[in-house]
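Hello,

Here is the structure I promised to pass on. Please open it alongside this email and follow along.

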Amino acid sequence: MGWGPSIAAQDTLANLKVLQPSSYVPISVSYYGNMITHPGVKLAVDYPAFGFTKFKAKRRKTKEINKLIYLQPSVAYFVQPQTFSGLLLAADVGLRRYNTKLYFTDAAMGIGYMWRFNHGETWQLDDNGDGHKKNIVSSKGYFAPGLSFGFGKLWIRENKNAISVFSRINSNFLFEYSAGILIEGSLEIGVKINPSFGLKAEPIQTKVKR
Amino acid sequence: MRTLLLIYLGSALFFSCKKDQDLSSISETIYVRNKSADMPVYMRGNMSSKVIILIVHGGPGGNGLEYRTGRFSEELEAHYAVAYWDQRGNGMSHGKFKKSEMTIDNMVHDMYAVIKVLKAKYGNDVRVFALGHSWGGTLTAKFMISSGYQYLLTGWIEADGAHDIPKLNVDAIKMFRAVAQEQIALGNNVDNWNGILSWANEVDTNNISVEDGGEINQKAHEVEEWLRSDGVITTEESGGHKNSIFFGPTNPFTSWMIGNQTNSALQVTETLAMTNELHLVSIPCLFLWGKYDFVVPPSLGVDAFNEVNSTNKKLVIFDHSGHSPMADEWEKFAYEVVQFVDAVK
């Protein structure tokens, strides 16, 4: 059986509860550990873009798989002790898959730009060839597309905001970094809420497959 | 308004209470920006001495703070300030430049910039000594013979420095042959040394390729381990400053990844030979070499000692060391450095 439009209003409503628990944009905050332990924080919002649901008939019950395509702009800041701090602005597109118990896995890819701010003073030679202190914050920026894989759990509570906890592994590819490409890894552990306030999200389109 | 006032007073109190830096034990990071590269210099140790030992690390592909894990660094930091510099394309250096800009000439200019910055920051009266190890010996040798740069330094310390790569390869083969026979006669690791002897006898020393150079380097590290297991080379003592992989200033994966790319980009160094230009060097020099260094044989140290025009020069061969005497015989190594620096500073 192929993909088709929503075929039952109650199904669509149930699926929407998972894929878009509130009509506001979900917000996540997470620990962002560059190289796991170089501490940082990441803020992101998820714009649900499109959802689809698949029902699989099992012997005793019907298994429901919900999938969501989302867009996620984010900002992350972390510190490599005594060396630099990093600021990453990114925009990912991802696919998240929920099982019946609302455990989810997701995979995303996106583009980003990372600034590295030097720790301490940055000096350079002046026109006379002598050392000259730079008085401004010194940084260099790198185009940094990335990939990420994660998992988590969503709780939908009656008359309360839906909440998820999640963990993710991210890798960013810093281009033109010292005449090469630097691959950086980071671990994220965070919480996401579907608030009943904030940025209003457009209702998503869903499709159901039986 | 009241809250703002409290924040202002709190901040003023905090900053006014900040202690002046203790010059006998500094710990700070400065960056040197040169030719599109931002290179960290980790300053540690005793700045009240007004002497800075600039560590020019090996590789290419190493990093400055690798040298801080050795016990010799504790001794040096007690006497002097030590500048652990991450060269362009190495360690935690970063920047946007082209592969074609990853040249030894740019790295020499980087070293010039680092020294000028150290003098600008800590005063023109600070005396800077360059301590180059292995690849750092290549870089410092090139610096020494480049347009009067040497006079920025008070002294040059070359430890197992690769200032002549073609000669290094030829002499390493000769050394493999000689030491193999010596070790076979002593009954040490006989099968292994027989294998090395057969291999070394087959290498045409008049025609050593880049691939041969890589194999020589790999086997050089291998035989050092045999000599260490037989007690010919001293086993490195534990101690020194610990660099935490997860919480320290150097991310080992970043350093490894970028260092490897830099190492590939600098393959041109296989043809670099500077022995014939070392006569241009006239500042005080100290050459420190491990007797069993197959990576950069001690014959290069002997050549450098003979070639430089310095009136104040010394060569020390460490009898129980391989490529890193600062690790194998750290006490003697530190002693020689301190004696040299104190004599000429």
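How many salt bridges does the rule find across the interface of chain B and chain A? The rule finds three. Please keep in mind that this is a predicted model.

**Where the chains meet**

One of the salt bridges joins the side chains of E121(A) and K121(B), at 3.0 Å from N to O. Several elements of chain B each supply at least two residues to the side that touches chain A. They are the strands β1 (26-34), β2 (37-45) and β5 (94-95), and the helices α3 and α8 (252-265). By class, this side of chain B has 19 nonpolar, 14 polar and eight charged residues.

Next, the extent of the contact. In chain B, 41 residues are in contact with 37 residues of chain A. The area buried between the two chains is about 3200 Å². Carbon and sulfur atoms give 54% of that area. Look for Y31(B), R33(B) and K96(B) when you turn the model. Together they supply 24% of the area that chain B buries against chain A, more than any other three residues.

**Two helices in chain B**

Now find helix α3 (residues 104-122) and helix α4 (residues 135-144) of chain B. They pack at an angle of about 80°, and their axes are 9 Å apart. Angles of 65 to 115 degrees count as roughly perpendicular, so α3(B) and α4(B) are roughly perpendicular to each other. From α3(B), the residues in contact are I104(B), D105(B), M107(B), V108(B), M111(B), Y112(B) and I115(B). They meet W135(B), T138(B), L139(B), T140(B), K142(B) and F143(B) in α4(B). This contact has nine nonpolar, two polar and two charged residues.

**A salt bridge within chain A**

Over all chains, the structure holds 23 salt bridges. One of them pairs the side chains of D106(A) and R168(A), at 4.0 Å from N to O. This pair links distant parts of the chain, 62 residues apart. D106(A) sits in strand β6 (residues 103-118) of chain A, and R168(A) in strand β11 (residues 162-177) of chain A.

**Two backbone details**

Most residues other than glycine have a negative phi, and most peptide bonds are trans. Two places are worth a look here. The peptide bond from G59(B) to P60(B) is cis, with omega near -10°. P60(B) is in the loop between β3 (51-56) and α2 (71-79) of chain B. Q82(A) is not a glycine, yet has a positive phi of about 65°. Q82(A) lies in the loop between β4 (62-80) and β5 (84-98) of chain A.

Best wishes

Definitions and conventions
Residues numbered from 1 in each chain as written. Chains lettered and ligands numbered in written order. Predicted model: local features only at pLDDT ≥ 70, side-chain atom pairs only at ≥ 80, totals over all residues. Heavy atoms only, no water. Axes fitted to C-alpha atoms, helices over the stretch in contact; angles between N-to-C directions. Helix = DSSP H or I, 4+ residues; strand = E, 2+ residues; numbered from the N terminus. Parallel < 35°, antiparallel > 145°, perpendicular 65-115°, else oblique. Contact = heavy atoms within 4.5 Å. Nonpolar A, V, L, I, M, F, W, Y, C, P; charged D, E, K, R; others polar. Buried area = accessible area lost by both parts, 1.4 Å probe.
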